[in-house]
Amino acid sequence: INVKKKQLMLTWTFKRKRHADGSLAKYKARLCCHGSQQQRGVNYYETYAPAVSWPAVRTMIVMSKLYNLYTWEIDFVLAYPQADVKTP
């Protein structure tokens, strides 16, 4: 830890995820930094949070049907997209 820098306050958030019948599925934990203490260029340089609105999705589906376009779905994880991947 750099003693010359101001330390940011952190908070742990814990959740219990349950199945539909109420039985315990898994535990989840998240480490959160208080955003009001962060300064752009000091504590972070850029942020990126991909999000889509449902009206935009519905509009794209309707347009693809109107113009007879081929559509497909894709699901991918954006967590650490630039991290080094170690494979065995």
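R30 is exposed in this predicted model, with a relative accessible area of 52%, where exposed stands for over 50% relative accessible area, buried for under 20% and partly exposed for values in between, computed with a 1.4 Å probe and protein chains only. This arginine is found in strand β2, and together with K15, K17, K26 and K28 R30 forms a patch of positive charge on the surface. Such a patch joins like charges within 9 Å, taken from residues with over 30% relative accessible area and no salt bridge, a salt bridge being a side-chain nitrogen of Lys or Arg within 4 Å of a carboxyl oxygen of Asp or Glu. Two or more residues of the patch are given by each of β1 (10-18) and β2 (24-33), and β2 supplies the largest share, three residues.

The chain has one helix and two strands, which run β-β-α from the N terminus on; helices (H or I, at least four residues) and strands (E, at least two) are DSSP runs. Of the 88 residues of the chain, 1% count as buried.

Helix α1 comprises 13 residues (54-66), which at 1.5 Å a residue should span 18 Å, and its end C-alpha atoms are 18 Å apart, in agreement with that expectation; the expected span is 1.5 Å times one less than the number of residues. After α1 comes N68, whose phi is positive, near 50°.

Because the model is predicted, local features need pLDDT of at least 70 and side-chain atom pairs count only at pLDDT 80 or more, whereas totals for chains, interfaces and linings use all residues. Residues are numbered from 1 along each chain as its sequence is written, and side-chain values use heavy atoms, with hydrogens and water left out.

Note on methods. Patches are made of residues with over 30% relative accessible area and no salt bridge: like charges are joined within 9 Å, nonpolar side chains (Val, Leu, Ile, Met, Phe, Trp, Tyr) within 5 Å. Accessible areas come from the Shrake-Rupley method with a 1.4 Å probe; for residues, only the protein chains shown count as cover. Lys and Arg count as positive and Asp and Glu as negative; His and the chain ends are not counted. The place of a charge is taken as NZ of Lys, CZ of Arg, CG of Asp or CD of Glu.
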